[in-house]
Amino acid sequence: EPMQERKATHTDRLRQRLREIYGPPGETWLPQFARLAANAADERETHAPRWDERDAVLIAYGDHVRAPGEHPLHTFREFLARHRLEEMFRILHLLPFFPHSSDDGFSVIDYTKVDPALGGWDDIHDLGRSFDLMFDLVLNHVSQHSRWFQDYLQGREPCVRYFHEADPAADLSAVARPRSLPLLTEFATSRGPRRVWTTFSADQVDLNFAEPQVLLEMAEVLLHYVRQGGARIIRLDAIAYLWKQLGTACIHLPQTHAVVKLLRELLALAAP
């Protein structure tokens, strides 16, 4: 059956990507990734048109339009409908609408929730009735106020392995820097002071994708955006900086490209 053959092909590619990222031990994680895709799978094929050069994308934050006593996402939807903007824009890129602590939403506290100050998932679904939705998956880093980082500070498993600790004496001069802020930030942990990698700001702590459980967590978030949120397009924020390897620029490393391909194979299995 063509669908079964296609699934087998994507599963084989998933195995190949795990080997590219983690070496032979990566294959042991295949059942967990395959199970994740199967649990999120939707057998319905979507034949909606993909975007092309004729499309215009409306990019907006959830609170760009406000009215007294209303959730901003609800007000925004009413505004878009009143001005018939769905006739001009097929795609709505809704910038980060999650609980966050800084950087205009790009320091995420909880990936699975809508910021209650903006509204809820029902408001996102309402917008999805008129537009193809595009979300950001902020996967290089997480807010220091997230549960993952708070568990790291307390030494709790598995989050104690979710972040990059670094020796301040290490030679980090080759690392490509998107901002002029310090690369390492010191935090007090249950194990004493630790310097951790913070590429973008002290509030945005880089995740350690050399730990396969982190990639599995992020894959789950990705599928949540497709299933729960109805996203048609996902932008991978700060993806170039994902993989760290001392002595390199830590940007566009081969493992990073393999991670992108792995996420694509997951979507091919779960949301064809």
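This is a predicted model: local features need pLDDT of at least 70, side-chain atom pairs count only at pLDDT 80 or more; totals for chains, interfaces and linings use all residues.

Me: How are helices H6 and H7 oriented relative to each other?
Reply: The axes of H6 (residues 212-227) and H7 (residues 254-270) come within 11 Å and cross at roughly 45°. Angles under 35 degrees count as roughly parallel and 65 to 115 as roughly perpendicular. The crossing is right-handed, and the orientation of H6 and H7 is therefore oblique.

Me: How many residues of the contact of H6 with H7 are nonpolar?
Reply: On the H6 side the contact includes Leu 215, Ala 219 and Arg 227, which are among the residues that meet H7, where Val 259, Leu 262 and Ala 270 are among the partners. The residues of this contact include no polar and one charged, and the number of nonpolar ones is 11.

Me: How are H2 and H6 oriented relative to each other?
Reply: H2 (residues 30-40) packs on H6 with the axes 10 Å apart and at an angle of about 10°. In this contact, residues including Phe 33 and Leu 36 of H2 meet residues including Leu 216 and Glu 220 of H6, and the contact residues divide into nine nonpolar, one polar and two charged. Because angles under 35 degrees count as such, H2 and H6 are roughly parallel.

Me: Which residue in E2 is the bridge partner of Leu 58?
Reply: Strands E1 (residues 57-60) and E2 run parallel and are joined by four bridges. In E2 (residues 91-94), Ile 91 and His 93 point one way, whereas Leu 92 and Leu 94 point the other way, and all are buried. The bridge partner of Leu 58 is Leu 92.

Key. Residues are numbered from 1 along each chain as its sequence is written. Side-chain values use heavy atoms; hydrogens and water are left out. Axes are lines fitted to C-alpha atoms, for helices over the stretch in contact, and angles run from 0 to 180 degrees between N-to-C directions. Helices (H or I, at least four residues) and strands (E, at least two) are DSSP runs, numbered from the N terminus. Angles under 35 degrees count as roughly parallel, over 145 as roughly antiparallel, 65 to 115 as roughly perpendicular and the rest as oblique. A crossing is left-handed if the near helix is turned anticlockwise from the far one by less than a right angle, and right-handed if clockwise. Contact means heavy atoms within 4.5 Å. Ala, Val, Leu, Ile, Met, Phe, Trp, Tyr, Cys and Pro count as nonpolar, Asp, Glu, Lys and Arg as charged, and the others, Gly among them, as polar. Buried means under 20% relative accessible area, exposed over 50%, partly exposed in between (1.4 Å probe, protein chains only). Two strands pair if DSSP finds at least two bridges between them.
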